[in-house]
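Me: I am new to this structure and would like to know what stands behind the terms used for it. Please show it first.

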Amino acid sequence: MYGLLISIGVLLLILVIWMVYRIQTLISVAKGSDKKIATTSNKVNAILFMVFLIGAGGLMFWYSFKEFDNYQLPIASEHGIVTDRLFWITTAVTGFIFILTHILLFWFSYHYQYKENKRAAYYPDNNKLEVIWTLVPAVVLTVLVVSGWKAWSDITSPAPEDAHVVELMGYQFAWDIRYPGPDNQLGDYDYRLTTATNSRGIDFTDKNSFDDFAAQKVVIPKGEPVLFKIRARDVLHSVFAPHMRLKMDAVPGMPTRFWFVPNKTTAEMRQELGDEEFEFEIACTEVCGNGHFSMRRVIEVVEPDEYRKWVAEQEPFIKRNPELVADLPAELKELADIYINEE
Amino acid sequence: MAVANVSAHDVSNHDHHDHEHKDNFITKYIFSTDHKMIAKQYLISGMFWAFIGGLLSVLFRLQLGFPEMDLSFLRPILGGWIDSAGKLDPNFYLALVTMHGTIMVFFVLTAGLSGTFSNFLIPLQIGARDMASGFMNMLSYWFFFISGVIMFASLFLEKGPAAGGWVVYPPLSALEQAIPGSGLGMTLWLIAMTFFIASSLMGGINYITTVINLRTKGMSFSRLPLTIWAFFLTAVIGLLSFPVLFSAALLLVFDRSFGTSFYLSDIYIGGEALPNTGGSAVLYQHLFWFLGHPEVYIVLLPALGITSEVIATNSRKPIFGYKAMIISMLGITILSFVVWAHHMFVSGMNPFLGSIFMFLTLIIAVPSAVKVFNYLTTLWRGNLRFTPGMLFSIGLVSFFISGGLTGIFLGNSAIDIQLHDTYFVVAHFHLVMGAASFFGMMAGVYHWFPKMFGRMMDEKLGHVHFWLTFVGVYMVFFPMHYIGIAGFPRRYYSWTNFSFTDMYTDLNMFVSVASIITFVAQFIFIFNFFYSMYKGRKASLNPWQSNTLEWTTPLHPAHGNWPGEIPSVYRWPYDYSKPGAKEDFIPQTVPLSATPESNLPHENKLVQLEKEIMAEEGDVLVANETKES
Ligand code: HEM
Ligand SMILES: [Cu+2]
Ligand SMILES: [Cu+2]
């Protein structure tokens, strides 16, 4: 049914094109205008460029301002303020060039349209101009790059010693979250140890792992440095926390990291936006298969006190599932039992 | 130089005679060694692939714009990829995106653009009988054809074609367990690309040797039209970068089929730990983008070359800053090899490398800016004729500005953290690469159609086609900037899972509708193209009053291009509206000695030299004639 409709539509379209085409050739032959150059259509095209400039330019401004609050994501990390400032500075600079060059492009097209008795200027080069418009962009770009480079160096510098560590492991199609527990040291892992009960392949012969615990949400404190240790178990994934202005690929066999300082709690953000449902989110931005579009986790930013309280409440892996350390050698087992029996 | 020319004339003269006697349908239209026919073969193939690629994009835009829509009506074409509820399969969505990218980048904008216009214009504009090796040129096309057949076949596999994105990053592309498309579909992708690379290399070698060796007398490098400079540099880039893609693909084949671990390490998938250790997924990205970034210039440079020619001709003005244009193209050529890792700022590579590549990337924006300013100055005080070719060239300049400027955001690694793999990148490269190169291709078709088929395309339909496409492309890609700034990730089947992306359904719908309109508008072109091929108005010999050599050939040039001697060249190709001259153009074949009224002071000095060359030419002619009789 649809197929029939579509083919009829296409057929009609072709017919219309053909008719228009025939009619206008006949007219142009009758008028003898097919040999002229300064035709009405030349003029119409010139005018259309101006119409486009004004129409499209107006639309762009109107939409950019009207929608600003919609496309501008709230920022919730300290470096995000810096990168967003860079973004808007770049927008101002490029926006200016964008508008200027387009005004010139379309204005020239309109103004210098073909006239029968006119002759174009013979103007093949001008070294001074060339040098100017090589140097000016070079200088502007240098300024932009240097400021970008400073920001980049700060963002990618080693994390502070006391950063709170959270491990994010991507797999098809979710993120597994692991905390290092009170010692702030994640236990070793080896992908060959992965099983149904030990989905992260944690090596429980490493005693750093005894207090490690899992979480369903990334809970982090406001105003303190947080270090994401990122890895992947099967294919590439990428951690994207849009409000934190944070992105880093998760690569099997090559752990990566990203540290940042969240500067707004979830509650503050809810209040600011007047949206009680608001959550910070993590998405995946490296195509990883069927469920790529659904790898969601929530980040909950809380006050530092609240964070410490939350950490203290969590149960280590081995407490939840003592099986995991059942086969450890005696002295390690003893140590593990302390964690298991802890109240 | 002179020697090479003389012998080339000789040899091809023979060719020329041979062909007139024994051309049959197969040697003329199928296994042709005539560069003009091969160019047309590339063009028609390119149009076919553009249709397929466009159709795929309409399919996934339906999903993105109308996520609730019942797509059952597509079941006759897509079969099992539409589930019982009328929904598109997410795996197939990824396959569509992947195939769309692969087809557009390689088959349409590389083969369709370079293949068509390098083949068609190099011999005609430098004054050669044919390519250096007509046979290799034919092989180049047929390797491309085979590549296309294989890629096309992969669309119909039960498990679907490759689906890991056009960049096919491993491990996703290496492991069949990870996604169905990484099975036979990926194998066929790799085979097809191998043929494609071989085809590109054969084409490229031919373009380079032809430009270096077969230029006609007087056609020095400083008199080459900018089209030829662009094709030449494009071929150089291709020759240096495609082999790297081949090695990337080869290692991927090893990893897929022979158990090696170049890219694979520490993988647990499908309930099983794989034995591979020590490989690096990031290594593949380095190899891929070492081709991938130059590739974007392989796609763009020919379009810029075509535009330079079309804008100069239709502004009736010399291109402004001919030398600066060449230098910036040379700059782009060299720099394009040292910026690849800007695609990998957040891939986990060393951040120090990120800093280096940020600096190198922003340097490449400078020659791009110079080119834009030169185009603008060429229009300034011109006498503009809005032929469809000219309209599309102006459109290209607009897209090049819009898309190039967003490159400055992305090249800044600090800003790219947020924008990487969002729709902002999609907007960037579709404008600067997709739309700009597509417009370059269209400009080329409209401009050289009379030379290809001896008839004119209809101007008014061309105008309508331009305006619909120009406005359409902006309607499709401009909104993507907002969507990208809002953080929408690429290659998402649906956005409703996240609250930060659970909006802009209206804008996405708008984009989808615009893309369908733009796609349908292309049928105006298809109609115009095929109708004019047979029924168009007969073209005059030099319909645009252009200076370059191709317009000195007969209306339907035979194999060999010029019936008699190849004309010699006495001046650069941009003597438009020269003060003192009667006409507003002076073809390259007009000697300086014939135009004393318009010569510039330094040109008057060259007149003497020119006379000597003409005398020598006379001797050669006599010598040739005695040889032949
Ligand atoms: C002004 C100069 C340019 C700069 C500074 C620039 C910068 C960049 C950067 C940094 C990216 C990576 C963005 C990301 O993935 O996060 C990118 C992506 C891309 N650029 Fe450009 N670009 C420029 C011009 C061009 C041109 C002229 C073309 C093509 C003709 C082009 C085609 C592409 C493509 C195809 C991608 C995306 C590839 C993909 O991820 O699938 N760019 N550009
Ligand atoms: Cu993913
Ligand atoms: Cu690039």
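Reply: B:His428 is a place to start, and it sits in helix H14 (residues 423-453) of chain B; helices are DSSP runs of H or I with at least four residues, strands are runs of E with at least two, and both are numbered from the N terminus. This is a predicted model, in which local features need pLDDT of at least 70 and side-chain atom pairs count only at pLDDT 80 or more, while totals for chains, interfaces and linings use all residues. Residues are numbered from 1 along each chain as its sequence is written, chains are lettered from A and ligands numbered from 1 in the order in which they are written, and side-chain values use heavy atoms, with hydrogens and water left out.

Me: Why is the site of the copper ion (ligand 2) called tetrahedral?

Reply: The copper ion (ligand 2) is held by A:Cys284 (SG), A:Glu286 (O), A:Cys288 (SG) and A:His292 (ND1), at 2.1 to 2.6 Å. Four donors count as tetrahedral if all angles lie between 85 and 135 degrees. The angles here are 89 to 132 degrees, so the site meets that rule. The ideal angle for four tetrahedral donors is 109.5 degrees. Along the sequence, the donor residues of the copper ion (ligand 2) follow the spacing C-x1-E-x1-C-x3-H.

Me: How do you know whether A:Asn184 and B:Asn561 are buried or partly exposed?

Reply: Buried means under 20% relative accessible area, exposed over 50%, and partly exposed in between (1.4 Å probe, protein chains only). A:Asn184 has 29% relative accessibility, so A:Asn184 counts as partly exposed. B:Asn561 has 1%, so B:Asn561 counts as buried. Phi is positive in each of these residues, about 55 degrees for A:Asn184 and near 70 degrees for B:Asn561. A:Asn184 lies in the loop between E2 and strand E3 (213-215) of chain A, and B:Asn561 in the loop between helix H16 (505-535) and helix H17 (601-628) of chain B.

Me: What makes E4(A) and strand E10 (residues 297-302) of chain A a pair?

Reply: Two strands pair if DSSP finds at least two bridges between them. E4(A) and E10(A) have 4 bridges in the parallel sense, so they count as paired. A:Pro221 has A:Val302 in E10(A) as its bridge partner. On strand E4 (residues 218-221) of chain A, A:Val218 and A:Ile220 point one way and A:Val219 and A:Pro221 the other, and all are buried.

Me: What is meant by the area buried between domain 1 of chain A and domain 2 of chain A?

Reply: Buried area is the accessible area (1.4 Å probe) that two parts lose on being put together, summed over both. For these two domains of chain A that comes to about 1200 Å², with 53% of it on carbon and sulfur atoms. A:Pro74, A:Ala76 and A:His79 supply 42% of the area that domain 1 of chain A buries against domain 2 of chain A, more than any other three residues.

Conventions. Donors are N, O and S atoms within 2.8 Å of the metal (3.2 Å for Na, K and Ca); water is not among the atoms, so sites may look incomplete. Four donors count as tetrahedral if all angles lie between 85 and 135 degrees; four count as square planar and six as octahedral if opposite donors are over 155 degrees apart and all others between 65 and 115; anything else is irregular.
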